Amino acid sequence: MKRDTQAAVSRPLRRAIWNWIDLFPDEFNEALRSRGRMEGAPERTFDLLYTQQPGAEKALWPTLTILNCISSERLGSDFQINHFGSGHFGGHKGSHRKVCRPTLYCLTLTELLSDIQEHQFIENLIKNANTASKFSEIAMVCVLDMCRVAFHIRPGGDVPLRLIGSDIAHEIKVCLFCVSPEYCGLS
Amino acid sequence: MSSAILSLDSSFYDFESVDVPTYVPALDYYCHEETTSSTPHSAEATLHSKSSTNTVNSDASNISVPIPMMPLSFNFDKTHMSLVRSSLSLNNHIGKYAGRIIYHLSASNWLVVFQRIRSRVHLLSSTSEDRPDTVDLQIMSYSAMDRSRLVQVLQGMFFGSKHFCCC
């Protein structure tokens, strides 16, 4: 897909996904808690839209974020935010996945790579939201979106996104209250 | 909770005006205030996908889950005159009501709406124009989505563009 096409498709796609979450809360909760409900479609769309090349971050990042949030199979519980403000996924990726999916899944190399891609994307988001970069505002919109999705998940059960959401909420508070001295004219 | 907070179009940069109140049907449900697990729109009127007489397979998609009617759609809304003075707010206003029409169209005639979206994605994937027409994609934003429809749309993305992937 060309970059312009990706950008044109991704904005309405994000709203379509939110429409679903708003209209059918039961389906959404069920899809997050059980494997395979979405038939792998969010994951494959993520791979289609994800690109390392710069240019369309503003249009693509929010959609990639929401696609990531409804991909229950890839967003693992091993995500942690460290005290330096950047997120990382603990543990060795391959070994963790093997523990998580005993004999159910035969991991192909491409699947492993895209797992890493998705984790890299979230790490990048949190890094950009925390630091003064030119993408910090759009990254902040994305992490707020993640919190918003986490708020839509019913309590109870083990849904990794809820834990991630509360971690991210903490990060957002830090960003809000630690205004850099330049803003106050104290530099 | 204010509808401005939940608005997806918020730019997060400045004050946002709320021209038409946006009602989020599942908001009470998500606030975890209910003790029963009933759907938030169980008491409201619903739309079903109906097969028309002259199409053979139009009921092939999922018809088991009823789509809730969009709330407030039968109320009379008086357009405030200040909205008419600015073309931006007027466009938003028209878009909102056109969106309600598309919502109800897509709820009862999903296949027609989906074909429109899919053919546009196909066209965009293969076109070499500099500024192709992307207005049809906006239909996605206003469609009444359930899980099977969303999966259809997502699959339409990567099946439509599989052969033209260039970056």
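Is Glu39(A) buried or exposed? At 54% relative accessibility, Glu39(A) counts as exposed, where exposed means over 50% relative accessible area, buried under 20% and partly exposed in between (1.4 Å probe, protein chains only). This residue lies in the loop between helix H2 (25–33) and H3 of chain A. Its phi is positive, about 55 degrees, although Glu39(A) is not a glycine.

The model is predicted, so local features need pLDDT of at least 70 and side-chain atom pairs count only at pLDDT 80 or more, while totals for chains, interfaces and linings use all residues. Residues are numbered from 1 along each chain as its sequence is written, chains are lettered from A and ligands numbered from 1 in the order in which they are written, and side-chain values use heavy atoms, with hydrogens and water left out.

Chain A contains eight helices and two strands; these are DSSP runs numbered from the N terminus, helices being H or I with at least four residues and strands E with at least two. Starting at the N terminus, the order of elements in chain A is α-α-α-α-β-β-α-α-α-α. Of its 187 residues, 52% count as buried. Among the contacts in chain A with a separation of 6 or more, 69% come from residues 24 or more positions apart, a contact being heavy atoms within 4.5 Å. The chain exposes about 8900 Å², of which carbon and sulfur atoms supply 58%; the areas come from the Shrake-Rupley method with a 1.4 Å probe, and for residues only the protein chains shown count as cover.

The next topic is helix packing. Helix H1 (residues 3–23) of chain A and H2(A) have axes that come within 5 Å and cross at roughly 105 degrees. That makes H1(A) roughly perpendicular to H2(A). Axes are lines fitted to C-alpha atoms, for helices over the stretch in contact, with angles from 0 to 180 degrees between N-to-C directions; angles under 35 degrees count as roughly parallel, over 145 as roughly antiparallel, 65 to 115 as roughly perpendicular and the rest as oblique. From H1(A), Trp20(A), Ile21(A), Asp22(A) and Leu23(A) meet Pro25(A), Glu27(A), Phe28(A) and Ala31(A) of H2(A).

Helix H3 (residues 41–49) of chain A has seven of its nine residues buried, so it is largely enclosed by the rest of the structure. The buried residues of H3(A) are Ala41(A), Pro42(A), Glu43(A), Thr45(A), Phe46(A), Leu48(A) and Leu49(A). Phe46(A) is also one of the residues in a cluster linked by ring pairs, together with Tyr50(A), Trp61(A), Phe121(A) and Phe135(A).

Over all chains, a search of the whole structure finds seven aromatic pairs. In one of them, the rings of Trp61(A) and Phe121(A) have centres 6.3 Å apart and planes at 80 degrees, so the pair is edge-to-face. Rings of Phe, Tyr and Trp (its six-membered ring) pair if their centres lie within 6.5 Å, and planes under 30 degrees apart count as stacked, over 60 as edge-to-face and the rest as tilted. This pair links distant parts of the chain, with Trp61(A) in helix H4 (residues 57–69) and Phe121(A) in helix H6 (residues 109–130) of chain A, 60 residues apart. Trp61(A) is buried at 10% relative accessibility, and Phe121(A) is buried at 3%.

In chain B, Trp110(B) and Phe114(B) form a stacked pair, 5.7 Å centre to centre with 25 degrees between the planes. Both lie in helix H5 (residues 110–126) of chain B, four residues apart, about one turn of the helix.
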